[in-house]
Amino acid sequence: MTTVTDRTPPAVHLHIGDRRLSEGSGGAFDHINPVTGTTHSVIPLAGPEEVDQAVRAAHEAFRGWRRTRPAVRRKLLLKLADLIEAHGEEFARRGTLDNGTPFTTGARFVGLSAEWTRYYAGWADKVGSDVTASFGQDGEFGYTLAQPYGVIGVIITWNGPLISLAMKIPAALAAGNTVVVKPSELTPYSAELFADLVEQAGFPPGVVNVLPGTGEAGEALVTHPLVQKVTFTGGPDTARRILRSCAESMKPVVLELGGKSANILLEDADLDVACTRGTILPLGALAGQGCAFPTRMLVQRSIYEEAVERVAAITKTITSGDPFDPKTVSGPLINEAALTRVLGMIDKAKEDGARLVTGGSRINGDLANGYFIEPTVFADVDPYSELGQREVFGPVLSIIPFDTDDEAIEIANCTPYGLSAYLYTQQLQRAHRIAEELVTGEVLVNGAGNLGVHRPFGGWGISGVGKEGGREGFEEFLRTKSVAVGFTGVSA
């Protein structure tokens, strides 16, 4: 196996049916290493021509895949999960090459991705139906069939390429669909290995097709008439364009989008846990480039200054640097555009009167050529300011005081997002009451972990439509048909 000291980018291909293409009609893309700001490698891009070929390959493969015994689909997905784990070190290496994710962080995503794959393997043979009517009572025999859609267009984001693949593809395949996947051109390396492992696991050609490409390829995939449903992870602006495109043919979608998640610390919170998780997640993990991170810390006034001091001290322990260094906690932002945008939001927060506690600048010195920003904390943030309302997608944490539970709920609900929320208290009744009032797709209490595959994950408002995870995530890839049989023409 390639060692972690090897920083050579792997070759990237377009995977269409049983073909591996080293070039595409979409041209080529210079993949930039965000650690150094220099070109890593040149990757091929799919254009509409390759998208059409891949969709047709998936459509043809669907004829056989939908009739494949569920036990066989389960077995293949379990084999894929084993292969993901077996290639864990290489996936972590590629994740670091993809977007600068620290190697130690990427390694944790491997086990999570294998778990998502195994979980949905278990659903493959559990598609059921309901009896809805009987001859004796209703004069007909009625039942339902849960059936796969066909070809699913899968568009994943760049911040967690492996886990994003695992959150979408296994559920779609377990339900009997085939997929055409467009990974971001910014992070092609993990998807390349995933495609290789699908082949090694023994999936029939065309069941999974992988095409790195830009928005042009994404538009061709979304609008292709043989694509029956689209699942997308990314930002609200791109999601709106997808919705407009899908509206023409009433094509259903799953949209996992951004967040501005509140992290509510009540006066009886365990501050050791709450401040540590509430600082490391939004500032250290993925350099803050995560949709469900707790980016707004809402703190009851009686413990407010203590929490600010704790957060400041924890922030100063977050090490930014070479993502292959096991001591590194926070890597770079994805590209120069992201760097410029986040620095602009930091400047605006200062203008709006937020108190800069720590950080706030680009990291220079040995990291000056990369896209690194100091982990940054603002206190006394106006919840209706730009920093209080807009997703930063960078290592910036807002701390906001509140007095009462109702005020905390009001502040938590004051943004158009509704993906996740976090809550810390020792009073269970209080926790349930607040959780019920929060306008968000999930509430994580007292350190409950992110992305549990058994839980449906998905936002409200501009944070998305539909679910990934749990039974609901499986049922997103099935549609219900009703069948009724009358007496007429039926022989005894």
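The lining of the largest cavity has seven nonpolar, seven polar and no charged residues. Here Ala, Val, Leu, Ile, Met, Phe, Trp, Tyr, Cys and Pro count as nonpolar, Asp, Glu, Lys and Arg as charged, and the others, Gly among them, as polar. The model is predicted: local features need pLDDT of at least 70, side-chain atom pairs count only at pLDDT 80 or more, and totals for chains, interfaces and linings use all residues. Residues are numbered from 1 along each chain as its sequence is written, and side-chain values use heavy atoms, with hydrogens and water left out.

**Cavities and a pocket**

On a 1 Å grid over the protein atoms alone, a cavity is a set of points where a 1.4 Å probe fits but cannot get out; a pocket is an open set with protein on both sides within 12 Å along at least five of seven lines, and lining residues have an atom within 4 Å of a point. Points are joined across faces, edges and corners, and a volume is the space filled by probe spheres set on them. Four cavities of 30 Å³ or more are counted.

| Space | Volume | Lining |
|---|---|---|
| Largest cavity | about 120 Å³ | 14 residues |
| Second largest cavity | about 80 Å³ | 15 residues |
| Second largest pocket | about 240 Å³ | 13 residues |

Nearest the centre of the largest cavity lie Gly95, Gly106, Phe109, Pro161 and Leu162. Its lining takes two or more residues from each of α3, α4 (103-121) and α6 (161-174), and the largest share, four residues, comes from α3. Helices (H or I, at least four residues) and strands (E, at least two) are DSSP runs, numbered from the N terminus.

In the second largest pocket, α16 gives the largest share of the lining, three residues.

**Helices α3 and α7**

Helix α3 (residues 88-99) packs against helix α7 (residues 189-201) at an angle of about 150°, with the axes 7 Å apart. Axes are lines fitted to C-alpha atoms, for helices over the stretch in contact, and angles run from 0 to 180 degrees between N-to-C directions. The residues of this contact (heavy atoms within 4.5 Å) divide into six nonpolar, two polar and four charged.

**A three-stranded sheet**

An open sheet has the strand order β5-β6-β22, with antiparallel pairing; two strands pair if DSSP finds at least two bridges between them. Because β5 (131-133) and β22 (478-486) each have a single partner strand, one side of each lacks a neighbour in the sheet. Two bridges join β5 to β6 (residues 140-148), and Val131 has Tyr143 in β6 as its bridge partner.
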